[in-house]
Amino acid sequence: MTLRVLFATWEGGGHVAPALMVARQLAQLGVRVRVVSDEANRAAAQAEGLEFTSWYLAPNRQRAGDGADSVQDWRAQTPDSVINQVCEEVVCGPAAAYAADMRPILAQFAPDLIVTNEMLFGVMLAAEAAGIPFAILTGNLWPFPTRLDLPPFGPGLKPAREEMDFTRDEMIRRAVSSVYDTHLPRLNAARAANGLAPIDAVLRQLDGARLIGLSVAQAFDFGSDPAPTPFFYAGPMVRDPDWVSDAPLPFERDHRPLVLISTSTLYQGQEDMLRRCIEAVRDEPVQAIVTLGPALHPDDFRDVPANVIVLANASHDALVPLCAVVISHAGHGTLMRPLLHGVPVINLSMGRDQLDNAMRASVRGAGLALSPQAPAHTIKEALRLVLGEGRYREAAGRLGDKLRAEADGGAKMARRLAELAGERG
């Protein structure tokens, strides 16, 4: 009997690629796999030979990376407002709709295991109601305050060392959990609609996960080694998205160091930051390539220095190995690629997982972290420092060796999921 695994995700940027990579690995093990996600991800899933279904009642983005993203957390002014936005738009607000979409899919596909993105609580409760085990696969660091061995997600904190640090972390965890719990009525209403008893805290919905796979190298993250159950480090999983051109890179390399400047696939109001990064390399003895992705358009960046080329997109797989430094927002996928190649980084984090990613890179000595409001002259000074001092490239090289040792394209995660599916199948 062929095992069946259903992957559920949503168009939220960098977590889609890891899900598809693991799904493909599972299919190669002989497991029948179906992906349910936003219509924007249909072509990428089908390019992997995977069955695909799009959301119907739940939010269903038609295009990746545009400014119409409903989760406009970049507009939020406080950590509380960021959490409220994510809860309202993904975690709790549409939970009933995600669960309603899942019911006919589960009835028709009859999976032995559901693998869901960590934000889709509606998928989790649908799995619980159907009596089907579920696992979680993240595309980044663990975002919820449920691991006591990690500093709380969001502020970009170092691991606690002193008593006051542990007290600080516990206060943050409680405060964050209480913000999630303001959305508990919506989540419990979705649970009731699916015949489930109420829970006393929003994050208790995570308790049913049989496995929580992190698309992160343990060597990159903080925390205990091995990770506490049910967490599992699947290693970094990065690749060019399907909208990236495979055309040859449109520039001539010369003797000058190559600098890549890039920000999120999703829109975060990043135009001004990019312009300051472009100004920072003006008159510097470097070549600079700016990649915009689908969130921005090259027409908005016409007045650039002679040593800068602005591209709608380019293959980072091809481009990053040529670079001397990468300047980015420190999104997990964008940051992992230079680190995997031993290329040092300058990070201007704008939110989400970015401050935490940047802190981990900085603690390892692989780069510098700046404010996203840093002026051009500060970015220029950081660039000169990273290019001029070999310690950053040496540290990035050491970290890259460790990251590559854990990177297997999702194979070990696929094997773990196949074992879980087999227990039921």
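## Loop residues with positive phi

Asp 283 is exposed, its relative accessible area being 72%. The residue sits in the loop between helix 8 (271-280) and strand 9 (287-291) of a model that is predicted. Although Asp 283 is not a glycine, its phi is positive, at about 65 degrees.

Ala 110 is another non-glycine residue with a positive phi, here near 50 degrees. Its loop runs between helix 4 and strand 4 (113-116). With a relative accessible area of 43%, Ala 110 is partly exposed, because that class lies between the 20% limit for buried and the 50% limit for exposed. As background, most residues other than glycine have a negative phi, and most peptide bonds are trans.

## Packing of helix 4 and helix 5

Helix 4 (residues 95-109) packs on helix 5 (residues 121-130) at an angle of about 45 degrees, and the two axes are 7 Å apart. Helix 4 and helix 5 are therefore oblique to each other. The crossing of helix 4 past helix 5 is right-handed.

On the helix 4 side, the contact is made by Ala 95, Tyr 98, Ala 99, Met 102 and Leu 106; helix 5 contributes Gly 122, Val 123, Leu 125, Ala 126 and Ala 130.

## Packing of helix 1 and helix 14

The axes of helix 1 (residues 16-28) and helix 14 (residues 411-424) come within 8 Å of each other and cross at roughly 60 degrees. That angle makes helix 1 oblique to helix 14. Helix 1 passes helix 14 in a crossing that is right-handed.

From helix 1, Val 22, Gln 25 and Leu 26 meet Ala 411, Met 413, Ala 414, Leu 417 and Ala 418 of helix 14. The contact of helix 1 with helix 14 comprises seven nonpolar residues, one polar and no charged.

## Buried strand residues

Leu 311 lies in strand 10 (residues 308-311). Its relative accessibility is 12%, so Leu 311 counts as buried. Setting aside residues up to four places away in sequence, Leu 311 touches Pro 250, Ile 289, Val 290, Thr 291, Leu 292 and Pro 298. The C-alpha atom of Leu 311 is separated by 14 Å from that of Gln 287, and these two residues are 24 residues apart along the chain.

Ser 328 is part of strand 11 (residues 325-328). Ser 328 is buried, with a relative accessible area of 2%. A polar atom of the Ser 328 side chain lies 3.0 Å from the backbone nitrogen of Ala 330. Apart from neighbours within four places in sequence, Ser 328 is in contact with Ser 262, Thr 334, Ile 346, Asn 347 and Leu 348.

Definitions and conventions. Residues numbered from 1 in each chain as written. Predicted model: local features only at pLDDT ≥ 70, side-chain atom pairs only at ≥ 80, totals over all residues. Heavy atoms only, no water. Axes fitted to C-alpha atoms, helices over the stretch in contact; angles between N-to-C directions. Helix = DSSP H or I, 4+ residues; strand = E, 2+ residues; numbered from the N terminus. Parallel < 35°, antiparallel > 145°, perpendicular 65-115°, else oblique. Left-handed = near helix turned anticlockwise from the far one by under 90°. Contact = heavy atoms within 4.5 Å. Nonpolar A, V, L, I, M, F, W, Y, C, P; charged D, E, K, R; others polar. Buried < 20%, exposed > 50% of the residue type's maximum accessible area, 1.4 Å probe, protein only. Polar contact = N/O pair within 3.5 Å; in protein donor to acceptor, adjacent residues only side chain to side chain.
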